[in-house]
Amino acid sequence: MASIIKVETLQDTAGNNAVDMQYVANGSAKTWVSINSASPAIRGSFNVSSLTDDGSATGVMKITTTNAFDSTDNMSVSSGAGNTTTGGGYYKSAGWINDTNNYFIRAIWGTTGYDIGYVFGQVHGDLA
Amino acid sequence: MTGIIKVNELQGRTTANDITVTVGASATQSLKNGIAKTWFRYDQRTGPTIDASLNVSTIADDATGKYSVNLTNAISAENDVSLSAQHSYEESMSQNQSVGQQEFGTETTTELEGYTAYNGSYYDCAQIFGQQFGDLA
């Protein structure tokens, strides 16, 4: 039988570092991914079911989550790009929401999208 | 009555790092998978200075617009991390509109490497932020 503790606040024994469970639940990323957009392939992930090369423009990668979010308005996407072993350090990244099960990430140099070794994405918000 | 648990360490009953939390109306997920393991705010223009951080031992100023974040606790594998980073050149709006590129990646399991640049040139920036998700070793 699974053991469940229902509690509102966690705190260390000295009475410091208290955190309400709402911050544990709301502050945790609900999905994250590391991909090689040149392959494309998933390097590592959490709550990700698939990766699709979107094809709408170079570098646009579509991430599909296993568990859906409750609302697109309740999603916050962050992203990163890195190609430090071969790149010049000039890449930036973009991330945006498609629907409650899908979001996009893209590596960009200047105003042009690229397929590179490392593109990252994370989404915070509530799951359905 | 407010429920408070005072404890110095949480461990899963069956597996130490496997604790489930409810994160939606009924959806659940692993506690360890969702929380950031590393984050920092770094000022490379002044100092340079680590303004605030978690799981960061030092940040090295490698060169103009280049920095290395040395982790206190190593990540489990370079492929099993997801990074994000943002930066602004200075606190005022005017210069922030012209500095817009940042690259952030893993150098080793104990070092993250970042760049801040614009239009082919590196710049030291006053507010550099980074986050890392994924398993620690």
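**Chain B up close**

A: Contacts first: counting those in chain B between residues at least 6 apart in sequence, 52% link residues at least 24 apart. Keep in mind that this is a predicted model. For the complex, the predictor reports an ipTM of 0.88 and a pTM of 0.91. Chain B itself has an average pLDDT of 88, with 91% of its residues scoring at least 70. Within chain B, strand β6 (residues 56-63) has the highest confidence, a mean of 96, while helix α2 (residues 93-96) has the lowest, at 56.

Now the layout. Chain B contains 12 strands and two helices. Starting at the N terminus, the order is β-β-β-α-β-β-β-β-β-α-β-β-β-β. Its radius of gyration comes to 18 Å, well over the 14 Å the globule rule gives for 137 residues, so chain B is more spread out than a compact globule. Along the principal axes, its C-alpha atoms fill a box of roughly 50 × 35 × 25 Å. As for burial, 31% of the 137 residues in chain B count as buried.

On to the partner. Chain B puts 38 residues in contact with 43 residues of chain A. On the chain B side, at least two residues each come from β1 (4-6), β2 (20-22), α1 (31-34), β8 (81-88), β9 (101-108), β10 (111-118) and β12 (127-134). The largest share, six residues, is supplied by β9(B). By type, the residues on this side of chain B split into 17 polar, 14 nonpolar and seven charged.

There's strand pairing across the two chains as well. β1(B) pairs with strand β1 (residues 9-11) of chain A in the parallel sense, over three bridges. If you want a residue pair to zoom in on, I4(B) in β1(B) is the bridge partner of T9(A).

A quick look over at chain A, then. Four of its strands make an open sheet in the order β4-β3-β11-β7, with antiparallel pairing. The edge strands are β4 (41-46) and β7 (75-82) of chain A; each has a single partner strand, so one side of each is left without a neighbour in the sheet. On average, neighbouring strands of this sheet are turned by 15 degrees against each other, direction ignored. Inside it, strand β3 (residues 31-36) of chain A runs antiparallel to strand β11 (residues 118-125) of chain A, joined by five bridges. There, V33(A) has G121(A) in β11(A) as its bridge partner.

Methods. Residues are numbered from 1 along each chain as its sequence is written. Chains are lettered from A and ligands numbered from 1 in the order in which they are written. This is a predicted model: local features need pLDDT of at least 70, side-chain atom pairs count only at pLDDT 80 or more; totals for chains, interfaces and linings use all residues. pLDDT is the predictor's confidence in each residue, from 0 to 100. The radius of gyration is taken over C-alpha atoms; the globule rule is 2.2 Å times the number of residues to the power 0.38. A residue is buried if 20 or more other C-beta atoms lie within 10 Å of its own, exposed if 12 or fewer, and partly exposed in between; C-beta atoms are placed from the backbone. Two residues are in contact if their C-beta atoms, placed from the backbone, lie within 7 Å. Ala, Val, Leu, Ile, Met, Phe, Trp, Tyr, Cys and Pro count as nonpolar, Asp, Glu, Lys and Arg as charged, and the others, Gly among them, as polar. Two strands pair if DSSP finds at least two bridges between them. Axes are lines fitted to C-alpha atoms, for helices over the stretch in contact, and angles run from 0 to 180 degrees between N-to-C directions.
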